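Thanks, everyone. One structure today, and a few points about it.

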Amino acid sequence: MSALLNIIWLIFGGVWLAIGYFLAGIVCCLLIVTIPFGIASFRIGAYALWPFGRSVVDRGGRTYFFSTVGNVIWLVVAGIWIAIGHVLTSIPMFLSIIGIPLGIANIKLIPVSLMPLGKEIVPTSGTRYPQQLRY
């Protein structure tokens, strides 16, 4: 079922959303200081390309100083605007029965788009421990 939802997601905006994240990642990687944001954008882009069957989890119990500072910078510069974009694009998706899972997937992208550093994207099929898979 998740493969069918991912194909529908790709047709109705997932490709364009992922392309936007990938382009932002390329721009961030051009500048040396913003490479962690570029890597986070690539990770979010891969998640935005194929969101069903995966979820976002914290990397662990420890929070690092630099990821916290980076998340605050990301939140102020880009995170709020990306989250508003996800909310606004999910509203038309919720208007149809077929679009409800797509709207939910768009809402699932909000936490990782607000604070991407220190997060991992893992398969939801039985994997409880994020240490097993790292993307």
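Start with Val112. Its relative accessibility is 2%, so Val112 counts as buried; buried means under 20% relative accessible area, exposed over 50%, partly exposed in between, with a 1.4 Å probe and protein chains only. Val112 sits in helix α4. Helices here are DSSP runs of H or I of at least four residues, strands are E runs of at least two, and both are numbered from the N terminus.

What does Val112 touch, leaving aside neighbours within four places in sequence? Ile44, Tyr47, Val56 and Lys119. Contact means heavy atoms within 4.5 Å.

Now the ground rules. This is a predicted model: local features need pLDDT of at least 70, side-chain atom pairs count only at pLDDT 80 or more, and totals for chains, interfaces and linings use all residues. Residues are numbered from 1 along each chain as its sequence is written, and side-chain values use heavy atoms, with hydrogens and water left out.

Next, helix α2. Ile44 and Tyr47 are among its buried residues, as are Phe37 and Arg43. The buried residues of α2 pack against α1, β1, α3, α4 and β2.

Last, confidence. pLDDT is the predictor's confidence in each residue, from 0 to 100. The protein chain averages 84, and 90% of the residues score at least 70. Over residues 129-135 the pLDDT is below 50. Where pLDDT is low, the predicted coordinates should not be read in detail.
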